[in-house]
Amino acid sequence: MDDGGLPAVLSSPVLFTDAEFLYAFLPAFLGLYYLAQERFRPWIIAAFSYGFYAWWRPDFVILMWASTVLDYSAGRGIGRAQRLATFTAEEGARRPGRSWVWLSCLGNLGLLAYFKYANFGVDTLNGLLAQFGEPPVAWTAVILPVGISFYTFQSLSYTVDIYRGDAEPVRRFRDFACYVSMFPQLVAGPIVRYRSMGQQLVERTHSMRLFGMGVLFFQAGLAKKVLLADSLAPVAQSAFGSDSLTTVGAWLGALSYTFQLYFDFSGYSDMAIGLGLMIGFRFPVNFDRPYASRSITEFWRRWHISLSSFLRDYLYIPLGGNRKGGARTYVNLSLTMLLGGLWHGAAWTFIAWGAYQGFWLVLERLAGRRTLYQRLPSALRLLLTFLLVVIGWVFFRADSMAQAGQMLASMAGWTGSSAGDVTISGSAAAALAAAAAVTWGLPSTQALVARRSALWMLLLQLAFAATLIALHSADHVPFLYFQF
Amino acid sequence: MKEPTPEPDGLVVIAPGKPRVEETPMARLTRVLAVIVFLSALVGTAAVDLFNPLPAPALIGKERANFDRLDQEARWLDGTKARRIAIHRRLSSRVRGTLGPVHAASLLRYFHESASEQVLVGGDGWLFLDRQVAGPAKGQRRPSIDRSAALLAAAARRITAKGTRFVAVPVPRKSTVMADLAPSGIELFPSIEGELLERLGDHGVETIDLRPMFDGLAPHDRYLKFDSHWAQAARVGAAGVMVDHAGVRSSAPSTRLVEAPWLSYSTDLLRFAGIPDDSWARSWLLSHSEKTFEVRARAPERDPERAHEGKRAPRPIQAVKDRMPPLALFGTSFSSRLGDYLAHFADSPVFDGSQPGGFFLDSLARLRQCYNFGAWPEVLWYEFPVFKALRQGQDRNWTLSTSQGFSLSVLPIVPTSPLRAEMAPTTGTGRLAIDRGHLITSGNGIAMVRVTREGSGPGEGLWSLRTANLTAEVPWHAARKELLIPIIATHDLGGEVQLIAKANGAPTMDVTATLVTDLDLESRSPGTPERVRTDGQTTQTVTFTGVTIERHSAIVAHLDLGSWQGPLELRSRTATGSTAIWRAEGAGQVTIVLDLSRHAGETLSSFEVSLPAGAPPWRIDSADWAPRLR
């Protein structure tokens with residue numbers, strides 16, 4: 001990991017907070033989009049999306065293109081097989097188009113496996129070889145293409161949905177290319193499933209009201225990212241980069257990262273939803289005040305909703321869900337969370353984080369609804385759940401299991417010295433207080449936008465102005481979820 | 001508050017035609033306003049930056065060349081082109097240039113924070129430049145002052161040999177004299193000033209400790225709050241201490257020192273913190289409590305309000321070659337006007353040879369030029385900020401100038417650009433296969449190359465080194481695995497340095513060429529008067545005592561060959577009588593590095609330079625001893 005907590009890549013993708021995006025890409029895109037005839041608009045979206053992605057690494061566009069072509073073909077193949085099957089249907093015959101789904105799975109998951117997990121696999125193997133005194137396997141590290149986890153999942157959901165009969169194959173390639181590459185949610189979600197986008201790609205409404213709502217979403221997301229998340233980033237960075245922390249310093253670092261991650265990612269999701277609304281698309285809600293949860297189960301209904309529902313529908317339920325008895329349910333739950341952790345990154349820390357989350361989910365399910373915990377006051381349950389989440393983020397953020405252990409030890413009071421302790425600046429302290437106030441004092445962005453309060457919208461304009469001024473000053477921090 | 005219910009698949013509920021809440025006219029108006037604000041900000045910024053960009057940054061020299069090179073090397077495929085575009089946009093954005101300082105000033109004023117990592121904020125909003133606080137590695141490792149002290153002592157010995165009283169005046173760091181306002185969480189190493197003075201004393205260098213003078217001043221009179229330089233009040237105080245120390249204070253100066261509030265003072269740390277000089281956001285921060293002083297010619301006005309009407313005293317550096325002042329100040333731009341104050345207190349002209357920027361001994365480069373034709377000064381104050389002495393030993397390009405005899409210790413042996421070959425490297429980086437007669441060149445001509453031979457082939461032969469004013473041949477014997485070849489020049493040679501392989505027998509030879517990055521030197525006295533040898537040559541000798549030669553010990557010699565252009569012979573002799581001879585060609589002023597590895601284990605006794613009889617006047621400016629080339 002580099003200083004920003006991101007894997008070392010040759011260059012950063014365009015960020016929504018980049019001047020190139022805000023003052024060149026977006027005005028040009030919106031201008032062309034609204035000036036163009038409706039039939040050209042999908043092409044404009046696709047062209048700008050490929051440009052958006054190519055800014056980072058033009059050669060990796062080929063990868064996305066390959067995934068697009070593969071799944072478009074697979075979708076057509078499944079559709080054709082299903083149409084044929086309606087004439088030759090036999091009782092008990094397996095669902096038609098299975099081989100196309102396998103091809104799509106192999107293609108997408110193969111891409112993901114190579115680009116995301118090959119380095120990890122080789123490193124682990126070399127570690128083992130070293131234990132036995134064997135020479136390491138020669139390997140050139142693979143660069144992780146930004147957003148590959150998101151677009152492969154989206155693309156995969158298309159073929160699976162068609163196979164299951166939840167969606168119709170797309171008729172025009174341009175619509176599918178537009179769906180896979182759509183820049184607002186291309187690199188960090190929300191994960192948009194084809195079944196909820198198919199109709200919108202063909203027909204959607206554009207209105208001033210919708211555009212206005214999109215602007216409000218975008219402004220809120222931008223403010224969350226720049227004013228809150230980026231202000232907390234140095235504190236988290238300094239804590240997780242330190243060898244020795246006091247208990248207070250460790251908690252300060254963990255809390256800062258907890259809020260940084262939430263406002264960074266939910267800010268990005270808000271911006272993506274806003275951009276989508278500006279061009280008439282409705283994307284899924286991704287966050288619903290997760291830190292207001294009273295249990296880990298509830299937390300997972302509110303955090304990264306598009307991923308958790310994807311894992312539920314495409315992994316947990318196909319594994320059998322809760323339909324095959326108690327023990328199998330717990331295994332399925334644990335496995336789903338483990339793989340969910342691994343999806344975030346190829347490292348033992350992510351696996352540990354997934355296992356940690358799975359443990360609490362299983363425990364809550366085992367305990368049932370009538371437990372002592374459920375009788376505790378609501379505020380106390382919120383606090384306990386929040387603490388468990390904060391502890392979980394330590395695994396998520398740490399560069400290694402050793403660092404996670406060190407951090408948790410410091411948080412538990414087993415602290416060595418204060419030599420490298422965290423100091424919090426005035427602006428970071430203000431951001432931390434503001435983050436807590438927004439987290440527990442304000443409703444979600446969606447609720448605020450739906451409220452249509454003039455006062456709130458005016459306040460948001462002030463925040464937007466402050467955000468732009470801050471953006472024009474120092475360098476800003478890349479979005480954390482770009483690494484996944 | 002009741003959260004809106006998500007639709008199937010969790011899509012946002014703001015579906016067209018499905019308003020959940022009735023929108024008031026005010027809310028509608030505000031929403032339209034939000035759209036206008038949003039689009040205006042985006043399009044407006046784009047338009048301003050496109051049609052009214054900031055002028056391109058004024059880069060010069062290597063900075064410019066480096067910037068252009070990065071532009072040229074940028075490629076779309078690896079994302080570097082995109083990065084360069086972003087950098088160009090940032091540099092030319094007028095909106096950024098206007099709004100950025102507002103944010104930086106707000107941070108500084110309301111949170112006592114700096115928008116730049118270069119600037120640290122201490123108590124009461126005082127600013128400190130991070131690299132000045134503790135030297136090269138802020139808070140990480142203790143900076144060494146040993147080498148700086150040795151270098152300064154070497155220079156001092158040579159100057160003292162001219163009959164000049166050399167007084168070193170290290171200016172304590174801001175973080176030392178303002179310790180109570182220094183930033184927290186940073187290791188300040190407050191004892192370094194004392195150690196440097198002690199070390200210089202050990203070397204026999206006369207010094208002035210300015211710390212007691214600083215202690216007697218109010219905080220605003222010590223250093224400037226928003227600047228990296230010391231305050232003028234402190235410079236006035238220091239001037240008094242310096243003339244007292246030298247015993248040259250005048251009891252009745254003919255000039256007068258007046259407080260000059262009309263003079264501006266520097267605020268460079270605000271610039272480093274992202275608030276440029278022309279930004280109106282500065283007015284939020286400046287209190288104008290700093291004092292400025294000026295030396296004026298006439299007697300004090302009775303009416304203090306009219307003090308500024310007096311004629312400014314002439315600057316003390318108007319001396320001409322044959323009438324150089326007996327008092328001289330050399331040092332850095334860290335102390336502008338210090339010469340004026342010294343001249344005032346001493347009531348005597350002071351030659352101000354201070355030189356901006358660069359290495360802390362750079363200004364000595366001017367000394368010999370200035371005093372070449374006249375008597376050397378009686379007193380020479382050498383002022384330098386202590387933090388500059390801490391930077392010694394870092395990887396940076398220190399230019400060696402051979403036109404004076406005092407900066408020889410400042411060897412520039414840091415890579416300035418990669419070595420280039422006329423053919424592509426065979427494998428890896430830095431490995432060159434050099435055909436007979438082919439060249440490798442150093443981009444800027446300032447390097448010392450360590451050539452390590454690998455591969456087969458006898459590799460016997462001569463390697464010759466050519467620069468603009470020196471050609472030297474270096475034998476490479478078959479058994480030799482490593483060769484150190486100096487490439488030293490007085491100016492940017494830009495490809496003029498050539499290393500030529502003239503290997504006999506072996507058509508090719510694989511070598512690895514790396515750049516030597518450090519060289520410790522111990523100073524010796526200049527050459528003895530010229531003497532005529534029996535073979536008709538004229539020779540000058542530098543005598544060494546108690547010097548044991550190790551592998552890669554070296555002599556670094558500065559020769560002033562006058563108008564001579566032609567062959568010269570260099571000899572090193574040991575106590576046992578063993579002699580090594582090098583032959584070279586040179587002209588003008590040259591620097592030569594002799595690798596004495598062949599004498600390893602012996603004691604060096606002398607170094608000689610011989611020119612043919614009849615050569616015009618020439619001399620060995622200096623010959624220094626390098627215990628080991630690394």
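User: Hi! How many residue pairs are in polar contact between chain B and chain A?
Analyst: Four residue pairs, with both residues at pLDDT 80 or more. A polar contact is a pair of N or O atoms within 3.5 Å; within protein, one must be able to donate a hydrogen and the other to accept it, and residues adjacent in sequence count only if both atoms are side-chain atoms. Bear in mind that this is a predicted model: local features need pLDDT of at least 70, side-chain atom pairs count only at pLDDT 80 or more, totals for chains, interfaces and linings use all residues, and side-chain values use heavy atoms, leaving out hydrogens and water. Residues are numbered from 1 along each chain as its sequence is written, while chains are lettered from A and ligands numbered from 1 in the order in which they are written.

User: And how many salt bridges cross that interface?
Analyst: One, by the rule used for chain B and chain A. R89(B) pairs with E20(A), and their closest N and O atoms are 3.4 Å apart. The rule asks for a side-chain nitrogen of Lys or Arg within 4 Å of a carboxyl oxygen of Asp or Glu.

User: Which elements of chain B give two or more residues to the side touching chain A?
Analyst: Helix 1 (25-51), helix 3 (80-92) and helix 4 (94-111) of chain B. Helices (H or I, at least four residues) and strands (E, at least two) are DSSP runs, numbered from the N terminus. Helix 1 of chain B gives the most, with 15 residues.

User: How much area do the two chains bury?
Analyst: About 5,100 Å² between chain B and chain A, 68% of it on carbon and sulfur atoms. That is the accessible area (1.4 Å probe) that two parts lose on being put together, summed over both. The contact takes 54 residues from chain B and 64 residues from chain A, contact meaning heavy atoms within 4.5 Å.

User: Back to helix 1 of chain B. What do its buried residues pack against?
Analyst: Helix 1 (19-35), helix 8 (208-240), helix 9 (247-278) and helix 19 (454-471) of chain A, together with helix 3 and helix 4 of chain B. Among those buried residues are R31(B), F38(B), L42(B) and D49(B). Buried means under 20% relative accessible area, exposed over 50%, and partly exposed in between (1.4 Å probe, protein chains only).

User: Nice. New topic: where is H304(A)?
Analyst: H304(A) sits in the loop between helix 10 (296-302) and helix 11 (305-316) of chain A. Its phi is positive, about 40 degrees, although it is not a glycine. Most residues other than glycine have a negative phi.

User: Is H304(A) buried or exposed?
Analyst: H304(A) counts as buried because its relative accessibility is 1%.

User: What about D124(B), buried or exposed?
Analyst: D124(B) is exposed, with a relative accessible area of 51%. D124(B) lies in the loop between strand 1 (119-121) and strand 2 (127-129) of chain B, and its phi is also positive, near 55 degrees.

User: Last one: what does S175(B) touch?
Analyst: Leaving aside residues up to four places away in sequence, S175(B) touches F128(B), Q132(B), V133(B), A182(B) and L188(B). S175(B) belongs to helix 7 (residues 174-177) of chain B and is buried, at 3% relative accessibility.
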